[in-house]
Amino acid sequence: MNSSTPCLQFLRPYAWKWTPVGARNTAYLRFYHLARQHELIQSNALKYPRIRHEGGAPMRIPIFREKFKDVEMGKHADEEVIIHGRVQSVRRAGNKLMFLDLKGEFEHVQGLCNFNKLQVTGVELGEFKALAKLLNRGDIVSITGRATRTPTGELSIEATRLPELLTPALAPLPFKLEDEEVRIQHRHIDMLVNRKTIDTLRLRSHLIKYLRDFFHDRGFLEFQTPILAENASGATARPFTVTASETSVNKNLAMRIAPELWLKRLVVGGVDKVFELGPAFRNEGIDQTHNPEFTMCEFYSAYANLDDLITVTEELICGAASHCRDLIATKLDSLPAIDMSQYQRPFQQVEFIPALESALGFKLPDLAASSSREDLLALLKQHKIEIPGLNKPDITLAKLLDNLASEFLEPYSLTKPLFITHHPVCMSPLSKSFVCPKTGQHVSARTELFINGKELANMYEEENDPASQRQKFVDQLNAAKREASLAPGVYNDEGESAMEVDESYVQALESGLPPTGGWGCGIERMVMLFSGTKRISDCLSFGNLRHVTNVPGAARTGEDEEKAKEMMDEVEKKGARERKQEKGKEKEDVDVSDGEA
């Protein structure tokens, strides 16, 4: 058996049964846990000591590798340092030499323990052998020593003291974890075993920092706005509702679906350049690109128009792509390389109505008319055009147009990033609007960015006329009632509802909102784009809502406990028999020796 097999020494007969978490063999895992506990207790090593800095503060493994990268082969650095890390493997060369592969902060370093050099510090051979036998893959240890380079060229830390066990691992750490369900249910193990899992999440962290730096460098201030409020607004989605137990509130509250209206209130309050990076919640379905809980980035910039927003977006996306490319080339090498040829400026642009009319082969009806939904449905039927949701009786005009864009316009983004501009007014009730000189239709000052067929960002020139904004709220409410028989608080399958007029926001506009450009992007979508992953759950620390509500509990059944104890008893009996046989063999050797004498 390979010495690196993640199995206790006295469990060798059971090693072939080791079906780690992947097979969910709870009885065996419990058996392993009990046996490992027993082994540690017998060695007086089941301890979790506090960190002491008697020899100085520990050195991080990445810093160690950088600081001592020039150490020559066979030479030792003068400085004695302390390294902490998780054991990835233990290799023993005889009774007096041990190699540990340590990992910390996603980098590795080799630990070299030579008894002949430790002996002068008072370490006894039995003590050294006991530790070498005790250490397992997954344990967390501390090594004090000096940097050196082995004859094979491996940068190592050669121990000047016996390594200390800081945190023993009571559960086996597998070398592979491939079952998708098990990986998401045991995410902490997935992160330890599968490099791509943790690299995707690390990319997310770097990307969030990049976004914050991007906005701070351009004079934006970051604010946090309410997550709980009386009504959810700023987007079309079904909210989560909660009940407040605080007696002074005493009402049902909604979790925010977007921070938009709060941030625009801040612009009214004099914060000309503001952004927020934070969670949003939409009580909708789960699929490869949607999760009810996600992270949004929104910014609002006074005196910015649609052209300014497009310029900033191109700069941000191209800069983020370059930043992620460099990270993947140096630190996150398990992720696929980014092809920068896709991110050449300027991005392509199409206008919503002219491009859609060209794709459909006919002119759209007056989309501002009260009969526009029925007129458009009749034209689609006449030209035998089928799209998802076409036959739903409660589909609204806005959703119908959105589905048409998904079918006929968004695919243009498969080869190069695409801005779709000037959507019909019914699709953007919070943005400024104007009459398109090309089509004569009422359109909004809005742009959506699509890359690889997926929506990435939305941007608007915000409506700042209080009367116009109130009328757009009323028009949206009436259209939802007329087209889909919706009422406030009643949602269809698309998450649409007849939204109440937000009088509080209209009153805020009366204090004066400067001409303002607004922008929003889902962080997970951006992580998916640059990491190459196809599922939003891979970009969330612990998966989607379905995953985090089905995490296996720690409870163990009586049957599992019985099986584990039976296995322990069997091992104890086998061990006793082997010890008896060894003693008998030793006695025979002594008798033979006496006879020869």
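Mentor: A residue is called buried when its relative accessible area is under 20%, exposed when that area is over 50%, and partly exposed in between, with a 1.4 Å probe and protein chains only. The model here is predicted, so local features need pLDDT of at least 70 and side-chain atom pairs count only at pLDDT 80 or more, while totals for chains, interfaces and linings use all residues. Residues are numbered from 1 along each chain as its sequence is written, and side-chain values use heavy atoms, with hydrogens and water left out.

Trainee: Why does Cys-436 count as buried?

Mentor: Cys-436 has a relative accessibility of 4%, which is under the 20% limit, and therefore Cys-436 is buried.

Trainee: What makes Cys-426 partly exposed?

Mentor: The relative accessible area of Cys-426 is 32%, which falls between 20% and 50%, so Cys-426 is partly exposed.

Trainee: How many disulfides does a search of the whole structure find?

Mentor: The search finds zero disulfides, a disulfide being a pair of cysteine sulfur atoms within 2.5 Å.

Trainee: Why is Ile-420 called buried, and where is Ile-420 found?

Mentor: Ile-420 has a relative accessible area of 1%, which is under 20%, so Ile-420 is buried. Ile-420 is found in strand E14, residues 418-421, where helices (H or I, at least four residues) and strands (E, at least two) are DSSP runs numbered from the N terminus.

Trainee: Which residues is Ile-420 in contact with, leaving aside its neighbours within four places in sequence?

Mentor: Contact means heavy atoms within 4.5 Å, and by that rule Ile-420 is in contact with residues including Val-350, Phe-352, Leu-409 and Phe-450. Ala-405 is 15 residues from Ile-420 in sequence, and the two C-alpha atoms are 9.1 Å apart in space.

Trainee: What makes Gln-469 buried?

Mentor: Gln-469, which lies in helix H13 (residues 466-484), has a relative accessible area of 0%, and as this is under 20%, Gln-469 is buried. Not counting residues up to four places away in sequence, Gln-469 touches Pro-429, Leu-430, Glu-463, Tyr-505 and Leu-509.

Trainee: Which elements give two or more residues to the lining of the second largest cavity?

Mentor: A cavity is a set of points, on a 1 Å grid over the protein atoms alone, where a 1.4 Å probe fits but cannot get out, and lining residues have an atom within 4 Å of a point. Arg-256, Pro-259 and Cys-297 are among the residues that line the second largest cavity, and the elements giving two or more residues are strand E11 (273-281) and strand E12 (293-302). Strand E11 gives the most, with four residues.

Conventions. On a 1 Å grid over the protein atoms alone, a cavity is a set of points where a 1.4 Å probe fits but cannot get out, and a pocket is an open set with protein on both sides within 12 Å along at least five of seven lines; lining residues have an atom within 4 Å of a point.
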